[in-house]
Amino acid sequence: MAISISEDRFEDVPDFDYEPQYVDVGDLRMAYVETGGDGESEESDETFLCLHGEPTWSFLYRKMMPTLAERGRVVVPDLIGCGRSDRYEDRDAYSVEMHYDALQTFVEELDLTNITLVCQDWGGVLGLPLATHQPERFARLVPMNTGVPDGTQEMSDRWHEFAEMVATADDLDIGRLVRNGCYRDLSEEVVDAYRAPFPDERHMAAARTFPGLVPTSPDDPGAELMAETQERLGEWEKPAFVLFGREDPITSHDRDPLRHHIPTATEQPDIWIDEAAHFLQEDAGEEIAERIVDFVDRT
């Protein structure tokens, strides 16, 4: 069964005065916010598609959106089960394929083109496959604290502990998860904003299931899509700028292999974002946005 989240949950969210809009992706609505651009969907417009991961929502990009909006159109969706988007109550309804198909439908329904993909965590796990399978829509890639897990990668003990905890914890505190994934301390108001989309267990199925969807064997669902994506990334000819937080214990080891796998990535500056952990958009959003605009300007 699909359920919607009440808009009342978002009344006290700070510094995020964007009107939510919705796209039908099958039997669910995917929410998004938009800023910048001229409102016309012209092919020449620079479009920043900013994709969040587990267990956040578009709010994660609030520090980056004003700077990016000075350069182009900024579109920031909530993945299914997150933020203001609709969700399934049944954990079994979630799969890599479901999330990927929803994102693909979203991009096609809005007919986004000339996209600079800004993606972190699951935003990259889903966004990089879409970019490599629909390269005509994408102009550039900015992968941040993410990877393309095809089932052959080593997952750390810490990651396995995290996945088990998220799936089984009696009382999963999403706000605390995000706070623990940041280098800088978050105000209680901001922590509550990350709790807002998850009022009770009925609304939490996506957050509970994301880690378990990561392919850990080449036979797992989604592994084939990721293997294809790895292959296509190895032939990517458009600009790519890999930006990782230096203090992220979950993905920092993926940074150099990804940077050397995408042929054009080493043409860009070799940069780590200092004093930034897994949710680097929280820790250093303004700096990252400026670096991305500079990247667009030079390419």
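# Close-up views of a predicted model

**View 1. Contacts of leucine 280.** Beyond residues up to four places away in sequence, leucine 280 touches Gln120, Met144, Asn145, Leu243, Phe244, Gly245, Ile273, Gly285 and Ile288. The model shown here and in the other views is predicted. Leucine 280 sits in helix H10, residues 280-298. Its relative accessible area is 0%, so leucine 280 is buried. Glycine 245, one of the residues it touches, lies 35 residues away along the chain.

**View 2. Helix H3 in its surroundings.** H3 covers residues 122-133. It has 12 residues and reaches 17 Å from its first C-alpha to its last. That is close to the 16 Å expected at 1.5 Å a residue. Of the 12 residues, 11 are buried, so H3 is largely enclosed by the rest of the structure. The buried residues are Trp122, Gly123, Gly124, Val125, Leu126, Gly127, Leu128, Pro129, Leu130, Ala131 and Thr132. What do they pack against? The partners are strand S4 (47-51), helix H2 (96-109), strand S7 (115-120), strand S8 (138-144), helix H7 (205-213) and helix H8.

**View 3. The packing of H3 on H8.** Two packed helices are described by the angle between their axes and the distance between the axes. For H3 (residues 122-133) and H8 (residues 223-233), the angle is about 60° and the axes are 9 Å apart. The crossing of H3 and H8 is left-handed. From H3, the residues in the contact are Val125, Leu128, Pro129, Thr132 and His133. From H8 they are Leu225, Met226, Glu228, Thr229, Arg232 and Leu233. By class, this contact of H3 with H8 has 6 nonpolar, 3 polar and 2 charged residues.

**View 4. The packing of H4 on H7.** Helix H4 (residues 157-168) and H7 pack at an angle of about 150°, with their axes 8 Å apart. An angle over 145 degrees counts as roughly antiparallel, so H4 is roughly antiparallel to H7. The crossing of H4 and H7 is left-handed. H4 brings Trp159, Phe162, Ala163, Met165, Val166, Ala167 and Thr168 to the contact. H7 brings Ala207, Arg208 and Pro211. Sorted by class, the contact of H4 with H7 has 8 nonpolar, 1 polar and 1 charged residues.

**View 5. Arginine 259 in helix H9.** Arginine 259 belongs to H9, residues 255-261. Is the residue buried or exposed? Its relative accessible area is 6%, so arginine 259 is buried. Neighbours within four places in sequence are left aside here. Arginine 259 is then in contact with Val242, Ala265, Thr266, Gln268, Pro269 and Asp270.

**View 6. Helix H2 and the residue that follows.** At 1.5 Å a residue, the 14 residues of H2 should span 20 Å. The end C-alpha atoms are 20 Å apart, which agrees. Buried in H2 are Val96, Met98, His99, Tyr100, Ala102, Leu103, Phe106 and Val107. Just after H2, aspartate 111 takes a positive phi of about 50°. Aspartate 111 lies in the loop between H2 and S7. Its relative accessible area is 41%, so aspartate 111 counts as partly exposed.

**View 7. Backbone exceptions in two other loops.** Most residues other than glycine have a negative phi, and most peptide bonds are trans. Aspartate 15 has a positive phi of about 55°, although it is not a glycine. It lies in the loop between strand S1 (2-3) and strand S2 (21-25). At 63% relative accessibility, aspartate 15 counts as exposed. Which residues are joined by a cis peptide bond? They are glutamate 54 and proline 55, with omega about -10°. Proline 55 is placed in the loop between S4 and helix H1 (65-69).

Conventions: Residues are numbered from 1 along each chain as its sequence is written. This is a predicted model: local features need pLDDT of at least 70, side-chain atom pairs count only at pLDDT 80 or more; totals for chains, interfaces and linings use all residues. Side-chain values use heavy atoms; hydrogens and water are left out. Axes are lines fitted to C-alpha atoms, for helices over the stretch in contact, and angles run from 0 to 180 degrees between N-to-C directions. Helices (H or I, at least four residues) and strands (E, at least two) are DSSP runs, numbered from the N terminus. A crossing is left-handed if the near helix is turned anticlockwise from the far one by less than a right angle, and right-handed if clockwise. Contact means heavy atoms within 4.5 Å. Ala, Val, Leu, Ile, Met, Phe, Trp, Tyr, Cys and Pro count as nonpolar, Asp, Glu, Lys and Arg as charged, and the others, Gly among them, as polar. The expected span of a helix is 1.5 Å times one less than its number of residues. Buried means under 20% relative accessible area, exposed over 50%, partly exposed in between (1.4 Å probe, protein chains only). Angles under 35 degrees count as roughly parallel, over 145 as roughly antiparallel, 65 to 115 as roughly perpendicular and the rest as oblique.
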